[in-house]
Amino acid sequence: MRIVLNVDRKMIGGIGMDWQVVRYDTLDSTNLEAKRKIQQQIVAQTESSLHGMVIVAETQTGGKGRLGRHWESKAGTGLWFTVILKPNVPIEQASFYSFAVAVSVAEAIREVYALPVTLKWPNDVLLSGKKLCGILLELIPHTQTVYELIIGIGVNVNQQLTDFPAELQEKATSIVLELKREQKVDAHLLFTSILAHLQKNCLLLETQGFAAIRAKWKAWSCIIGREVLVLEQGKVSYTGIVDDLAMDGTLLVRTSDGIRSVIAGDISLRTVDGGYTF
Ligand code: BT5
């Protein structure tokens, strides 16, 4: 059962975006709820815009990662939310938003907790080399130029190690684990800070193009110059050294056959013992 706890319209960040925050205690997935809301609006043919709607769930029963993977979203342990935007950039450039989102989460975590987060292509936010936040970007096209972006953001906040399933304990982390705290932290400050930085970075993307976001992303990236294993469709494809983030958001990897461009996929970083991280 879905319960709407409250709906607040408030200014967050102070540069004009009127976020509409809708809170639920349980959802299957905040991204799925965003899709349902968009679908309902199409059917009802209403004029009101969903641009700026933020759907938050206390827990998700079917949290999603990319390629249908599962996202662990236990109640009271993290921020699980989806932002709906009707962007002002060409549809071919929609993927730039995933970098703007990762940068925004990183800026917020640095601002609120002073923790040294890093970024891993395509859209992971890491702490101590472990995954702190995942981002799932989906796109609903209406016409060649009009579309909605569904931006799912999951940030681990209050998990202690045993809150993660065994298979994630080596590769996931949370804010309290990194702060070495036993008490829970209040995630609201982080939530409002992420929205404020997101607003600022979306504006930057729309007014100055990808270059400014790319520069910020590269400054915090932990992968440039590192040896990586490239996985496409979840399968190992090849190894190489990360050369750069291209101006179109693809990853350039130097291999024995020359530079290859990774459009979609995952990368694993080579560790000092010669293995690869997740
Ligand atoms: C992602 O996928 O990292 C995107 C995750 C997006 C989650 C948010 S929560 C709000 C919104 N609503 C949704 O339903 N989804 C979004 P991917 O790169 O495919 O990574 C998935 C992998 O991360 C899994 O296969 C696990 O290995 C790992 N994982 C799952 N849950 C995790 C967690 N809580 N913390 C860290 N790693 C996790």
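The shell around the ligand divides into 7 nonpolar, 12 polar and 6 charged residues. The structure is a predicted model, and the ligand takes up the space of the largest pocket. Of the 25 residues around the ligand, those that come nearest are Ser29, Lys64, Arg69, Lys131 and Asn156.

**Elements that supply the shell**

- At least two residues of the shell around the ligand come from each of helix H1 (30-44), strand E4 (78-85), strand E7 (130-141) and strand E8 (147-156).

**Polar contacts and cover of the ligand**

- The side chain of Ser29 places an N or O atom 2.7 Å from an oxygen atom of the ligand.
- Lys131 has a polar side-chain atom 2.7 Å from an oxygen atom of the ligand.
- In the case of Gln60, an N or O atom of the side chain is 2.9 Å from a nitrogen atom of the ligand.
- On its own the ligand has 790 Å² of accessible area, of which the protein covers 93%.

**Aromatic pairs**

- The count of aromatic pairs comes to 4.
- One of these pairs joins Phe81 and Phe191, whose ring centres are 5.1 Å apart; the planes stand at 90°, so the pair is edge-to-face.
- Because Phe81 lies in strand E4 and Phe191 in helix H4 (residues 188-208), this pair ties together parts that are 110 residues apart in sequence.
- Strand E4, which holds Phe81, is also one of the elements that supply at least two residues of the shell around the ligand.

How values were computed: Residues numbered from 1 in each chain as written. Predicted model: local features only at pLDDT ≥ 70, side-chain atom pairs only at ≥ 80, totals over all residues. Heavy atoms only, no water. Near = heavy atom within 4 Å. Polar contact = N/O pair within 3.5 Å; in protein donor to acceptor, adjacent residues only side chain to side chain. Areas by Shrake-Rupley, 256 points an atom, 1.4 Å probe, with all protein chains shown as cover. 1 Å grid on protein atoms, 1.4 Å probe; cavity = no way out; pocket = protein on both sides within 12 Å on 5 of 7 lines; lining within 4 Å. Sits in = over half its atoms within 2 Å of the grid points. Helix = DSSP H or I, 4+ residues; strand = E, 2+ residues; numbered from the N terminus. Nonpolar A, V, L, I, M, F, W, Y, C, P; charged D, E, K, R; others polar. Phe/Tyr/Trp six-rings, centres within 6.5 Å; stacked < 30°, edge-to-face > 60°.
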